[in-house]
Amino acid sequence: MNIKETLRGTKGGKIQSCGIMQVIPIILEEESLEEKDLISPNQARFSTTGYGQMRFVNKSDKTLLVPCHTGYIVKEEAQNHAMSESGLVGPDEEEEFDNARCIQQSQGGYISEDQHEMMILPMSLRESALKKRKRKGCSELWEDISSFNAKLGLDRRGHLEIFFNKFEKELDEFVTQFEIVRNQIGAIILINGEVVGIERAPSREYWKDIWQALIRECYGSLAIEVEKTKRAINPDKYRVKLGKSKGKTLKDILVQVKKSEESEKKKAKKIIASILSLDLNEEEDGSKGSYSTFTVTNKNFTGQILKEGEEGAVVYASLFAKEGWEREAKRKIWEEASEFTL
């Protein structure tokens, strides 16, 4: 399987941009290709039963798909938690995942059962979390979170809420710049002109449930991290300046806007085309009913996908760039540079 196969049946929509981040909606127009028998955690109840133990209660007649790295930051005095991978809970069942991670190092207490608002781990923590999915231990992410906070000049502690409290306003303002479009079922996310995430939901309704957790907490956090740490940014790579209009009328300006949008689309299309044929190595992690979960990886990306039925149709995918994605981008720039001449 390659990356393109995870997007079978869909097409790209109009690019949305904010600062160094771009989002390309993934559109599914054929309703018959939706997997409507999967629901999100927003339709279930969640609690913690121990440190490193996350419990989901599914009272519906459908299967609950817990997205890869779903987490909860609650207001009550209880330790916040996040999944180290995705999870499946059968219809009218409850499931406890004992390889979850505490993301609030020194806070005690268990989260009470309720329909809590979900988030998804910041992208910079996801590769490490996925690598450790087969290990038990609530403290497995504390050092990663401490390093993440320290990079942004925050307290070097295993408390993820420190980051979200500090940048709450920026994240809230940031997420309002993007919107869900008609028939959207996923998104391709770019930072600094590089693909950092490919997300596909089982259905359009499911996408509405997880959209904010992905755009705000997961990838929005990466945009803030890159900007605040002043990592190399090359706007010319991913944005197109508005050309000079021949006239001063609104019609003339709109012509230039359209030209710029088309040029920006071509740039993004070229970037995405370069990764679609990349093969993915698969490792099956488990199954529930007709669904099977796989961890996938290659040189540039890792993540998880969910397949359904004997034909192995991909109904969910969460692929994200591996650590060092910026170094890889710089390498490509050197490869594309013009040759030396005399």
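Strand β8 (residues 70-72) pairs with β13 in the antiparallel sense over two bridges, where strands pair if DSSP finds at least two bridges between them. This is a predicted model, in which local features need pLDDT of at least 70 and side-chain atom pairs count only at pLDDT 80 or more, while totals for chains, interfaces and linings use all residues. Residues are numbered from 1 along each chain as its sequence is written, and side-chain values use heavy atoms, with hydrogens and water left out.

**Sheet**
- G71 stands opposite M119 in β13.
- The open sheet has four strands in the order β12-β9-β8-β13, with antiparallel pairing.
- β12 (101-102) and β13 (119-120) are at the edges with a single partner strand each, so one side of each has no neighbour in the sheet.

**Helix contact**
- The axes (lines fitted to C-alpha atoms, for helices over the stretch in contact) of α1 (residues 123-131) and α5 (residues 204-228) come within 8 Å and cross at roughly 110°.
- That makes α1 roughly perpendicular to α5, a term for angles of 65 to 115 degrees.
- M123, S124 and R126 of α1 meet L214, C218, Y219, S221, L222 and E225 of α5, contact meaning heavy atoms within 4.5 Å.

**Nonpolar cores**
- In the largest nonpolar core, of 77 residues, M21 and F56 touch the most other members; such a core joins buried (under 20% relative accessible area, 1.4 Å probe, protein chains only) Ala, Val, Leu, Ile, Met, Phe, Trp, Tyr and Cys residues through side-chain atoms within 4.5 Å.
- Helix α5 gives the most to this core, with 12 residues.
- A second, separate core of 18 residues includes I103, I145, F163 and F167.

Conventions:
Axes are lines fitted to C-alpha atoms, for helices over the stretch in contact, and angles run from 0 to 180 degrees between N-to-C directions. Angles under 35 degrees count as roughly parallel, over 145 as roughly antiparallel, 65 to 115 as roughly perpendicular and the rest as oblique. Buried means under 20% relative accessible area, exposed over 50%, partly exposed in between (1.4 Å probe, protein chains only).
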